[in-house]
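Thanks, everyone, for making time. I would like to walk through one model with you, going from its overall division down to single residues and then to strand pairing.

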Amino acid sequence: MQDNTTLNNAINLLTTAGIRLSHQRMAILQYLLNHRTHPTVADIYDHLHPNHPTLSRTTVYNTLKILVESGAVLQLDIDPECTHYDADLSPHAHFMCRHCGKLYDVPFPSHHIEAPEGFTTDRITISYHGLCPTCASSEKTNN
Ligand SMILES: [Zn+2]
Ligand SMILES: [Zn+2]
């Protein structure tokens, strides 16, 4: 389902930052908005390349860099193996499953974890590491 408000917000952020929205950049942004699976550069490239034969991994990487710098997309550092990207800008934490490697959204009330007085917070990053319910139950049956 296409969320037009979110797309328009992202486009506003980018045009305000003076960023030209080429066809390929739009495709990458749309993919992130429509897939809340926290994809990596490789995920996005593999998905878009069949329909965008001139797209390169470097373009995906550079576009993501621009999207992150303009504030339209978040870069997640939860996974030491590779960087994941998230177009969901609402405050939330992430849970990384050590078995399947998936990233799950975890809601959190941000007003409970504000920095002490005098500090200005740019962003709050909370990472959970462990097993997701699917992997936890299959680990049980395997033992
Ligand atoms: Zn899992
Ligand atoms: Zn997320």
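Before anything else, a word on terms: when I speak of domains here, their bounds come from an automatic or database domain assignment. Please also keep in mind throughout that what you see is a predicted model.

With that understood, the assignment divides the chain into domain 1, covering 4-86, and domain 2, covering 92-142. Taken over C-alpha atoms, the centres of domain 1 and domain 2 lie 22 Å apart. Where the two touch, domain 1 contributes 5 residues and domain 2 contributes 4 residues. If we sort the domain 1 side of that contact by class, we find 2 nonpolar, 2 polar and 1 charged residues.

Let me turn to the nonpolar core. The largest one has 14 residues, and those with the most contacts inside it are Ile-28, Leu-29, Leu-32, Leu-64, Ala-72 and Val-73. As for the elements behind it, two or more residues each come from α1 (4-16), α2 and α4 (57-69).

Two single residues deserve a careful look. His-38 sits in the loop between α2 (23-34) and α3 (41-48), and its phi is near 60 degrees, which is a positive value in a residue other than glycine. Is His-38 buried or exposed? With 23 other C-beta atoms within 10 Å, His-38 is buried, because the cut-off for that class is 20 or more. Ala-42, which is placed in helix α3, falls into another class: Ala-42 counts as exposed because it has 11 C-beta neighbours inside 10 Å, and the limit for exposed is 12 or fewer. Ala-42 also gives us a distance to check on screen, in that Ala-42 and Ala-87 are 45 residues apart in sequence and, from C-alpha to C-alpha, 16 Å apart in space.

Now to the strands. There is an open sheet of 3 strands, in the order β4-β3-β5, and its pairing is mixed. Why is one side of β4 and of β5 left without a neighbour in the sheet? β4 and β5 (127-130) stand at the edges and have a single partner strand each, so one side of each has no neighbour there. From one strand to the next, the twist averages 30 degrees.

Taking the pairings in turn, strand β3 (residues 92-97) and strand β4 (residues 103-107) are antiparallel, over 5 bridges. Along that pairing, Ala-93 is opposite Val-106 in β4, His-94 has Asp-105 as its bridge partner, and Met-96 has Leu-103. β3 and β4 together form a hairpin with 5 residues between them, and in the turn Gly-101 has a positive phi of about 80 degrees. On the other pairing, β3 and β5 run parallel and are joined by 4 bridges, with Tyr-128 in β5 as the bridge partner of Phe-95.

Note on methods
Residues are numbered from 1 along each chain as its sequence is written. Chains are lettered from A and ligands numbered from 1 in the order in which they are written. This is a predicted model: local features need pLDDT of at least 70, side-chain atom pairs count only at pLDDT 80 or more; totals for chains, interfaces and linings use all residues. Two strands pair if DSSP finds at least two bridges between them. Two residues are in contact if their C-beta atoms, placed from the backbone, lie within 7 Å. Ala, Val, Leu, Ile, Met, Phe, Trp, Tyr, Cys and Pro count as nonpolar, Asp, Glu, Lys and Arg as charged, and the others, Gly among them, as polar. A nonpolar core is a set of buried Ala, Val, Leu, Ile, Met, Phe, Trp, Tyr and Cys residues joined through C-beta atoms within 7 Å. Axes are lines fitted to C-alpha atoms, for helices over the stretch in contact, and angles run from 0 to 180 degrees between N-to-C directions.
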